[in-house]
Amino acid sequence: MSFFCNFQSDRCPGPINGNPLNGLCEKVCIEAQKVFDACMQQSQLTDIVLNISNLTPANPTYPLTFISAKSTTQTGVISNLLIEPLSERPHSARVKCDVTIPVSVAYTDANGVEGVATSSITVSKDVILNIPSASIMPYSVNSVVSLVSTLGRYTAENQFTIDCCVSIILKIVMEVELLIPSYGYTPIPPCQEYTEEVCAGFFELPMYPEQ
């Protein structure tokens, strides 16, 4: 069983049926990351140079043939951050930064041996986001990233040039304590073990054929 697999309870995640106030029992204080604003930009980048390292297995036979590249984490590394409040737009600011995306590259060497290596690309962003008013607790800028590529070529030793699809979400966030309504603790259902039903379908057959 799981929350969404044959588990009947009015205190588990899922669609709300009936009156949503039914079952509310307390106000709870939770520690959470509040998102004050966010925006996403998706783009196709061409002729991006990837300098690869940490080749596995080591000492491949050159030249290499590009297979694919993809981001290895959903969290980008932000650097060169500059936040400039906009006087003409209250609570808004110009947010400039560089977002570095860690990348894993798959390839084959001249002998057809498959290998992987690491690299990264850095994308510059210049956007407008809403920022919270002055407070004791500071806010920060986070990024969520995704990169994928199936088109590339080997252009120099340990270097590929690729075309890729990149998605970057920038968020203004702050660690806060929120007071929210609660239905109480969630009951945790037992797990349903996965088993291959080898005889499924066979046991459902009738004992004898229809006459």
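## A walk from cysteines to a pocket

Let's start with the cysteines: the count of disulfides here is zero, a disulfide being a pair of cysteine sulfur atoms within 2.5 Å. Before you click on, know that this is a predicted model, in which local features need pLDDT of at least 70 and side-chain atom pairs count only at pLDDT 80 or more, while totals for chains, interfaces and linings use all residues. Residues are numbered from 1 along each chain as its sequence is written, and side-chain values use heavy atoms, with hydrogens and water left out.

**Stop 1**

Cysteine 39 is partly exposed, with a relative accessible area of 23% (buried means under 20% relative accessible area, exposed over 50%, partly exposed in between, using a 1.4 Å probe and protein chains only).

Now jump to cysteine 164. Is cysteine 164 buried or exposed? Cysteine 164 is buried, at a relative accessible area of 1%. Its closest cysteine sulfur sits in cysteine 165, 7.1 Å away, so that is too far for a bond as well.

**Stop 2: a phenylalanine on a strand**

Next, pick phenylalanine 36, which lies in strand β1 (strands are DSSP runs of E, at least two residues, and helices are runs of H or I, at least four, numbered from the N terminus). Phenylalanine 36 is partly exposed, with 28% relative accessible area. Leaving out residues up to four places away in sequence, phenylalanine 36 touches Pro132, Ile172 and Met174, where contact means heavy atoms within 4.5 Å.

**Stop 3: the salt bridges**

How many salt bridges does a search of the whole structure find? The search turns up three, a salt bridge being a side-chain nitrogen of Lys or Arg within 4 Å of a carboxyl oxygen of Asp or Glu.

Select aspartate 47 and arginine 153, whose side chains meet in a salt bridge at 3.6 Å, N to O. Aspartate 47 is in strand β1 (residues 26–51) and arginine 153 in strand β7 (residues 140–156), so this pair ties together parts 106 residues apart in sequence. Arginine 153 is partly exposed, at 45% relative accessible area.

Then show arginine 94 with glutamate 84: they form a salt bridge, with the closest N and O atoms 3.9 Å apart. Arginine 94 lies in strand β5 (residues 92–108) and glutamate 84 in strand β4 (residues 77–85), so the pair links parts ten residues apart in sequence. Both are partly exposed: arginine 94 at 30% and glutamate 84 at 33%.

Aspartate 126 is in strand β6 (residues 114–130), so here the tied parts are 32 residues apart in sequence. Through shared partners, salt bridges join Glu84, Arg94 and Asp126 into one network.

**Stop 4: the largest pocket**

Finish at the largest pocket, which holds about 460 Å³ of space. Select Asp10, Arg11, Cys12, Pro15 and Ile16, the closest to its centre of the 17 lining residues. (On a 1 Å grid over the protein atoms alone, a pocket is an open set of points where a 1.4 Å probe fits, with protein on both sides within 12 Å along at least five of seven lines; lining residues have an atom within 4 Å of a point.)

Methods: Points joined across faces, edges and corners; volume = space filled by probe spheres on them.
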